[in-house]
Amino acid sequence: MKNLFAATLVAAATATSALVAGPAMAADKPTVALSNAFLGNAWRRSMITAFEEAATKAEADGLIASFQVSNAPGENSATEQIAQLKALLLDEPDILLVNPASPTALNPTLQQACNMGIVVAVFDSSTDLECVHIVTNSFGDWARLSTQAVIDGIGGKGNVIIARGVQGSPPEIEMYEVQTELLKANPDVKVVGEFFTFCDSAKAQEALLGTIASLPEVDGVIGCGEGLGAVQAFQTAGRDIPVVAFAPSGRALKFWGEGNGAPGSVAVMSDPGQGVAALFTAINIYNGQEVPRTTIFPPVVVSDEERDQWIAAVGDDEIASWQWTQELVDAQLKANIDGMVAEAALPPVPVR
Amino acid sequence: MNTAILQQAQLTWPRGLGRRVLPGCLTLVAMVLILIVCGMIQPRIWSQNGLTLIMSPIVALAIASMAQMVMMSIGDIDLGIGFFVGMVTTIVATLLRDTPVLGVLALAGAVLAYALLGALVQLRAVPSLIATLGASFVWLGLGLFVLPVPGGMAPDWLFAYAFWKPPLSIPAPLVTMVAATALTWFVTRRTGLGVRFRSLGSNPVALTRSGSSLVVTRMLAYAMVGVLGVLAGITLTAEIGGGDVNAVPGYTLTTVAAVILGGGMFTGGRAVAWGTLAGAITLGLLTVLLTLLSLSSNLQPAVQGFIVIAVLAGRLVVERMSR
């Protein structure tokens with residue numbers, strides 16, 4: 001059955017290539033198009049800002065011929081993005097980077113792009129489509145980094161609460177498995193409560209305030225970026241502030257920098273610089289380098305010591321992102337090829 | 001009655017026709033303008049492949065808008081069409097692919113459910129807004145039950161359709177859209193049933209006096225909405241290659257906008273199939289236009305909204321003039 005699907009697509013591809021067979025590639029430098037599903041939150045805006053910055057520089061450096069960024073209208077709608085992608089396909093870019101609205105709905109459209117000979121890289125998501133390269137952060141890494149930091153922050157023993165993410169979502173299930181494993185390895189850490197906070201500061205504050213009176217002394221909150229709300233809840237209740245995991249947004253980092261959050265706190269989140277990482281990865285693929293179909297990049301981690309450096313580099317309404325360069329991406333790709341992703345060094349703290 | 005005035009009225013443009021057709025014509029002009037601008041930026045649009053590329057994402061929206069148009073012609077509004085279309089994609093990508101008989105039965109059941117919804121609205125005097133909003137959660141639940149996460153795969157004949165190339169370089173999406181619109185136009189404007197739909201919207205008392213059953217008429221209208229919704233779901237499955245109940249919640253309001261752009265009214269009694277088609281294509285092409293214009297990311301949503309408001313404002317002016 002799948003074969004017939006493929007066969008039909010190939011048939012379509014040959015037909016489409018009639019449209020494509022225009023001018024042969026003039027220069028070796030690729031043209032790049034980025035398709036983003038929506039622009040409705042700080043993460044996506046930071047992603048676009050980081051990409052535009054890096055792509056402008058790459059264009060000046062002669063790595064790419066030109067680039068265009070396109071944000072689909074609407075609220076993360078797959079059909080709007082399909083329409084947008086098809087309009088982009090008319091332009092026949094050499095590299096197509098996609099931050100998709102859905103892991104499945106774009107597949108026929110992306111297949112069409114592959115068939116036109118375009119290098120397609122999807123980031124911040126995944127897809128089953130064979131011809132597409134995936135550049136992503138691992139949710140396991142995210143959970144491992146933030147949980148380990150909190151466990152270290154409370155000195156390896158004490159009471160913790162687990163603040164869980166979006167109820168029932170696959171990333172949350174993956175993250176929870178990692179958290180449970182790490183807690184098993186640290187038997188002195190006792191879990192005294194579990195909440196679903198959707199990794200959202202306001203929801204965490206609300207959930208915690210409702211039950212805080214019934215909780216024993218809490219040393220740490222293991223979570224995925226709701227630290228600001230957690231700290232505020234403990235402050236409101238007049239309790240000792242625990243070690244928490246913040247979101248690396250400008251606002252949360254400043255709040256943390258003002259002395260809120262116990263020493264040893266951390267800020268972790270998936271990296272808005274993934275778009276840039278995908279750009280350099282795709283350029284390498286375009287230039288003929290062998291790259292694994294899925295490449296893992298590290299999430300953003302802000303530790304206690306580097307916090308003030310990060311605060312200087314992140315705007316108030318931004319999310320912190322790694323500043324990927326060609327060299328850094330090459331190093332990370334090498335780690336991916338060698339299977340050493342977990343040990344790979346993190347990029348340096350960005351400077352603005 | 002003054003005969004002079006009567007004669008004068010007969011000589012001028014028939015007012016009802018003007019009010020019905022002019023807004024749609026205005027939208028048609030907007031649509032053609034957008035197409036021309038797109039074509040100036042990207043001449044590759046003017047080919048069978050180019051038109052197929054930009055039109056294929058609009059097909060499902062256009063057919064869903066037909067469904068909404070039928071609903072609005074009887075004076076109701078469907079707040080569940082987005083999730084209904086989504087639910088249909090989940091059925092098409094699973095049941096219809098694996099066990100076609102069951103799939104067809106499930107889709108027929110969905111149409112029947114719509115007809116029953118119509119009976120509920122008529123018999124219990126539930127506002128259609130509430131009934132269809134309630135139904136939307138049922139569609140969502142059923143869709144999640146069939147496919148908890150997006151997936152499944154469209155039947156092979158749908159893939160074959162997606163890559164169908166009609167002769168004479170006619171883009172396939174256009175064929176589908178025009179066929180669906182012609183069907184809707186024929187039923188709503190050229191049959192007795194269509195007359196009953198429209199009088200249910202504009203003058204239910206007259207409909208009762210003429211001896212028709214309000215319940216049966218409303219049930220038939222809702223069934224037609226269901227049939228068009230199923231068609232929209234099938235074409236959407238071809239586009240996204242699988243099923244996803246959350247694929248197009250936005251259709252609920254976009255289809256209303258398409259009908260209004262096409263000359264429809266919230267108060268019912270007006271069936272404007274061709275105008276609605278122009279409205280749906282205009283709304284669908286906006287994404288293409290904005291992508292081709294490569295405007296700054298922050299400006300795009302604002303420009304999209306501005307174009308819609310401009311067309312609607314134009315309609316207001318046209319209606320004033322034709323009064």
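A crossing of two helices is called right-handed if the near helix is turned clockwise from the far one by less than a right angle. In the predicted model described here, α7(B) passes α13(B) in such a right-handed crossing. The axes of helix α7 (residues 100-123) of chain B and α13(B) come within 7 Å, and they cross at roughly 145°. On the α7(B) side, the residues that meet α13(B) include L107(B), A110(B), V111(B), Y114(B) and L117(B), together with V121(B), Q122(B) and L123(B). Their counterparts in α13(B) include L214(B), V215(B), R218(B), M219(B) and Y222(B), as well as V225(B), V227(B) and V230(B). By class, the residues of the contact of α7(B) with α13(B) comprise 18 nonpolar, 3 polar and 1 charged.

Helix α8 (residues 128-146) of chain B has 19 residues. From its first C-alpha to its last, α8(B) reaches 26 Å, close to the 27 Å expected at 1.5 Å a residue. The buried residues in α8(B) are S128(B), A131(B), T132(B), A135(B), S136(B), W139(B), L142(B) and G143(B). They lie on the same side of α8(B) because they cover an arc of only 145° around the axis. The face turned away from this buried side carries the exposed residues I130(B), F137(B) and F145(B).

Chain B is in contact with chain A through 36 residues from chain B and 39 residues from chain A. On the side of chain B that touches chain A, at least two residues each are supplied by α3 (48-55), α9 (156-162), α13 (214-240), α15 (273-293) and α16 (300-322) of chain B. Of the elements on this side, α15(B) gives the most, with 6 residues. The residues of the side of chain B that touches chain A divide into 16 nonpolar, 15 polar and 5 charged.

In chain A, S35(A) is found in strand β1 (residues 31-36). Apart from neighbours within four places in sequence, the residues in contact with S35(A) are S70(A), Q81(A), Q84(A), L85(A), L88(A), L96(A) and V98(A). V244(A) stands 209 residues from S35(A) along the chain, and the C-alpha atoms of the two are separated by 35 Å.

Key. Residues are numbered from 1 along each chain as its sequence is written. Chains are lettered from A and ligands numbered from 1 in the order in which they are written. This is a predicted model: local features need pLDDT of at least 70, side-chain atom pairs count only at pLDDT 80 or more; totals for chains, interfaces and linings use all residues. Two residues are in contact if their C-beta atoms, placed from the backbone, lie within 7 Å. Helices (H or I, at least four residues) and strands (E, at least two) are DSSP runs, numbered from the N terminus. Ala, Val, Leu, Ile, Met, Phe, Trp, Tyr, Cys and Pro count as nonpolar, Asp, Glu, Lys and Arg as charged, and the others, Gly among them, as polar. Axes are lines fitted to C-alpha atoms, for helices over the stretch in contact, and angles run from 0 to 180 degrees between N-to-C directions. The expected span of a helix is 1.5 Å times one less than its number of residues. A residue is buried if 20 or more other C-beta atoms lie within 10 Å of its own, exposed if 12 or fewer, and partly exposed in between; C-beta atoms are placed from the backbone. The arc is that of the directions from the helix axis to the C-beta atoms.
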